[in-house]
Amino acid sequence: MEKSPEELYQERVKRVLDACTGKVPDRVPIMGPYELFVYNYAGVTIKEAMNDYALARRACHKFLDDFQPDADFGPVLAYPAKPMEFLGVKWFKWAGHGLGDNIMYQFTEGEYMKAEEYDEFIYDPSHFMATKWLPRSFKALEGFAGFPPMRLMMWFGWTGLLTAFANPEMQQALQNAIEAGKQLSEWFASLGQYTQEIKQKGFPLAYGAFSWPPFDIIGDTLRGTRGIMSDMIRRPDKLLKALEITTQLCIEYGSAAAGADLPLTWIWMHKGSEGFMSDEQYATFYWPFLKRAIEGLVERGCIVVIYCEGNDTPRLKYFVDVPKGKVVYHFATMDMAKAKEMLHGIAAISGNVPNRLLLTGTPDDVKAYCKWLIDTVGKDGGYIMDTSALLDEAKPENVKAMFEFTREYGVYR
Amino acid sequence: MTKEKLVDAIANMRDQEAIQIAKQMLDAGVDPHVVLEAGHEAMAIVGERYERKEYYLPELVVAGEILKEIAELAKPKIRGETAAQTTPRGKVVIGTVEGDIHDIGKEIVAFMLEVNNYQVFDLGVDVPAERFVEKIREVNPEIVGMSGFLTLAFDQMRLTVEAIKEAGLRDKVKIMIGGAPMDEEAAKYIGADAYGEDAAAAVKLANQWTGGN
């Protein structure tokens, strides 16, 4: 008898949860955050997907129907072009806005917090974000530079402080924020609609929330890579203090996953990999804060997926030190056998099918690689099949081979 | 004596001390070229330590910052005469291929090649194939370096190699590729001569190709 969507939904949720929490599922689950691939497969450019939410949903449905992942991301990674253009986002380029129509959006490095502003950030992060980060990040919110410090509103503080809102530039910025909020609501409504639609088809959403490691919160859009690298040597004390704050922010960003059917908080790790810093620097500036954030998220009921984007083999000795059965490490470049040996019984593993192979290889190459992964890393559970990095250009027949082979060969008997 | 102290301070990341020594030297009338030379000697040490994996990105960035600050102090004191130029070991044209705007990895490679006495022509990011071809024609390099972080870079690099071939320049240059999704297999697909895992590997390749160790 054919299973109902409801049964399939429960089956998929259980399969993914079992793999994440160290139990042996019925088979190796397969899922992942894909970007361009989903749209290209449906004959849609990323520019179209970012501009037309209904079209993006349709493309994602096509991918879902044809590939049947165990959990799905949907259109969340096709960021909404309209509000981004309206706001004039300064640290991002995207299709039709500095990049060609079918090129994935990319981040532009810069210093959005200056070296001498650490104290200000540490003292009142919200005020810093309002008066410095927002105006530097969005053309339409430049008027927020004069935003009053809310911490001083008490007693009769408000009398002087509220005059800031009489300023025409401030008023314009507020108007713009209202308009952007409306535009963003349309996008979130589209995401919500998609989630309902796929649930009815029997597919759970793969994410509950997104977050970033405490180090990367500072290193990505505040100080920039160069800035934070320099700070590790030239202002270590300030950086360490700021990391205390961003550890809390990392937990706040990610906590929303708690309570979801798949309570997965995806932490996108950009800068902790091999090559960025020494082992000693990693042990000082990176891991202790990430570890605390992971623990905080687990305490709040989340399962944490650490999405590693580089070579993280040298970091394995740190990765073992997390709450058991609550963490998934996604690996791009990794000695997978060693990872299995060290992490089995502690944390689950996902990823590692090279994106290069999916673009330039053959279905047989892909199957051989997946077989090796299932035999090596999938042994006794704890593995989720996924690509090495967010999937963009790839041959559909290779991606199909990855899915079909995993469904056939990945069954636990 | 003081020059050695300056080299030591820069190479060991004592930023404030390095800048103070540089100031003192310049105030005492030391030839600004000597100060700049100290900077270059220190960079060579930093480069070696990076290759030995004793130093990582933070040290490269800070060394670069100190050097820049010292150069700013020294430059106003330089009168006319230029320092003796050493002959570069080779010329390298480098860039991140069209469609891709990732720059950090490429900059580190450029930096390490410069430290190792290569003359580097950095074309920046989002570099179309024709730009590579034009620059190769113009400066006649021994080596071309292509960087890419996105999957689109595979075909864009292949196209760039194709364009270099069509321009009749393929035999004149050795081509290396690098970037997160790249590997040896990618080098074959693209038609490059080699893949380098990091900046140290890039220097090693360049040295081999220019007839050294």
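**View 1. Chain B meets chain A through 25 residues of chain B and 27 residues of chain A.** Contact here asks for C-beta atoms, placed from the backbone, within 7 Å of each other. Helix 4 (57–74), helix 7 (152–166) and helix 8 (184–190) of chain B are the elements that each give two or more residues to the side touching chain A. Helix 4 of chain B gives the most, with six residues. Sorted by class, this side of chain B holds 15 nonpolar, three polar and seven charged residues; Ala, Val, Leu, Ile, Met, Phe, Trp, Tyr, Cys and Pro count as nonpolar, Asp, Glu, Lys and Arg as charged, and the others, Gly among them, as polar. Helices (H or I, at least four residues) and strands (E, at least two) are DSSP runs numbered from the N terminus.

A word on the model: it is predicted, and local features need pLDDT of at least 70, side-chain atom pairs count only at pLDDT 80 or more, while totals for chains, interfaces and linings use all residues. Residues are numbered from 1 along each chain as its sequence is written, and chains are lettered from A and ligands numbered from 1 in the order in which they are written.

**View 2. Five strands of chain B form an open sheet with parallel pairing, in the order 2-1-3-4-5.** Two strands pair if DSSP finds at least two bridges between them. Strand 2 (118–122) and strand 5 (194–195) of chain B are the edges; each has a single partner strand, so one side of each lacks a neighbour in the sheet. Strand 4 (residues 174–178) and strand 5 of chain B pair in the parallel sense over two bridges, and Ile177(B) has Tyr195(B) of strand 5 as its bridge partner. Helix 6 (residues 129–139) of chain B packs on the sheet and touches strand 1 (90–96), strand 2 and strand 3 (143–147), its direction making about 165° with that of strand 1.

**View 3. Helix 5 (residues 104–115) and helix 9 (residues 199–209) of chain B cross at roughly 45°, with axes that come within 9 Å.** Axes are lines fitted to C-alpha atoms, for helices over the stretch in contact, and angles run from 0 to 180 degrees between N-to-C directions. Ile108(B), Val109(B), Met112(B) and Leu113(B) of helix 5 meet Ala199(B), Ala200(B), Ala202(B), Val203(B) and Ala206(B) of helix 9. The residues of this contact divide into nine nonpolar, no polar and no charged.

Notes. Two residues are in contact if their C-beta atoms, placed from the backbone, lie within 7 Å.
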